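Work through the exercises below with the model open. Each task is followed by a stepwise solution.

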Amino acid sequence: EQTLHLVVEEMHNALVRWHQSPGNWYKAFKLVDWQNMDRIGFEAFNALVRGAYPCLTILQDRLPDDALRATWKALDEGAEGELTVEAFMRFMRRYGGRHSITRPT
């Protein structure tokens with residue numbers, strides 16, 4: 001669970017650095033929701049984290065691949081291979097609550 005908090009923290013820091021959008025997880029998700037379906041797979045999640053601007057550009061030395069895969073596994077609880085925007089936002093609020101626009105309830 002500590003890994004998940006650290007990953008969300010790193011993602012939050014990059015979101016602030018590149019977009020001045022602290023806790024705006026919806027905006028982060030939409031950066032890689034290329035088909036505007038409110039669903040993404042691991043490839044898009046990986047692109048969100050690793051991709052060049054406008055994505056978050058988090059390099060492997062800041063966030064190892066195993067931590068990224070562990071985060072995806074936790075995000076994709078049902079092992080469906082896809083993640084909805086709602087599930088993404090719920091997860092990010094849970095593990096990065098102090099960085100969310102809306103506080104977890």
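## Exercises on a predicted model

The lining of the largest pocket divides by class into 5 nonpolar, 2 polar and 7 charged residues. The model is a predicted one.

**Exercise 1. Describe the largest pocket: its volume, its lining and the elements that supply the lining.**

Solution. 
- Step 1, volume. The largest pocket holds about 300 Å³ of space.
- Step 2, lining. The largest pocket has 14 lining residues. Nearest its centre lie Leu75, Glu77, Leu83, Ala87 and Arg90.
- Step 3, elements. At least two lining residues come from each of α4, β2 and α5. The most come from α5, which gives 4 residues.

**Exercise 2. Describe the second largest pocket in terms of volume, lining residues and class.**

Solution. 
- Step 1, volume. About 150 Å³ of space lies in the second largest pocket.
- Step 2, lining. Its lining consists of Val32, Asp33, Trp34, Gln35, Met37, Arg39, Ile40, Gly41, Ala44 and Glu82.
- Step 3, class. That lining has 5 nonpolar, 2 polar and 3 charged residues.

**Exercise 3. Classify the packing of α1 with α5, and list the residues in contact.**

Solution. 
- Step 1, method. Packed helices are described by the angle between their axes and the distance between the axes.
- Step 2, geometry. Helix α1 spans residues 2-19 and helix α5 residues 85-95. Their axes come within 9 Å and cross at roughly 105 degrees.
- Step 3, class of angle. Angles of 65 to 115 degrees count as roughly perpendicular. Therefore α1 and α5 are roughly perpendicular to each other.
- Step 4, contact. From α1 come Leu4, His5, Val8 and Met11. From α5 come Phe88, Phe91, Met92, Arg94 and Tyr95.

**Exercise 4. Examine the backbone at asparagine 36, alanine 79 and proline 54.**

Solution. 
- Step 1, expectation. Most residues other than glycine have a negative phi, and most peptide bonds are trans.
- Step 2, asparagine 36. Its phi is positive, near 55 degrees. Asparagine 36 sits in the loop between α2 (25-30) and β1 (39-40). Its relative accessible area is 56%. Exposed means over 50%, so asparagine 36 is exposed.
- Step 3, alanine 79. Here too phi is positive, about 55 degrees, although alanine 79 is not a glycine. Alanine 79 lies in the loop between α4 and β2 (83-84). With a relative accessible area of 65%, alanine 79 is exposed.
- Step 4, proline 54. The peptide bond joining tyrosine 53 and proline 54 is cis, with omega about 20 degrees. Proline 54 belongs to the loop between α3 (42-50) and α4 (65-75).

Definitions and conventions
Residues numbered from 1 in each chain as written. Predicted model: local features only at pLDDT ≥ 70, side-chain atom pairs only at ≥ 80, totals over all residues. Heavy atoms only, no water. Buried < 20%, exposed > 50% of the residue type's maximum accessible area, 1.4 Å probe, protein only. Axes fitted to C-alpha atoms, helices over the stretch in contact; angles between N-to-C directions. Parallel < 35°, antiparallel > 145°, perpendicular 65-115°, else oblique. Contact = heavy atoms within 4.5 Å. 1 Å grid on protein atoms, 1.4 Å probe; cavity = no way out; pocket = protein on both sides within 12 Å on 5 of 7 lines; lining within 4 Å. Points joined across faces, edges and corners; volume = space filled by probe spheres on them. Nonpolar A, V, L, I, M, F, W, Y, C, P; charged D, E, K, R; others polar.
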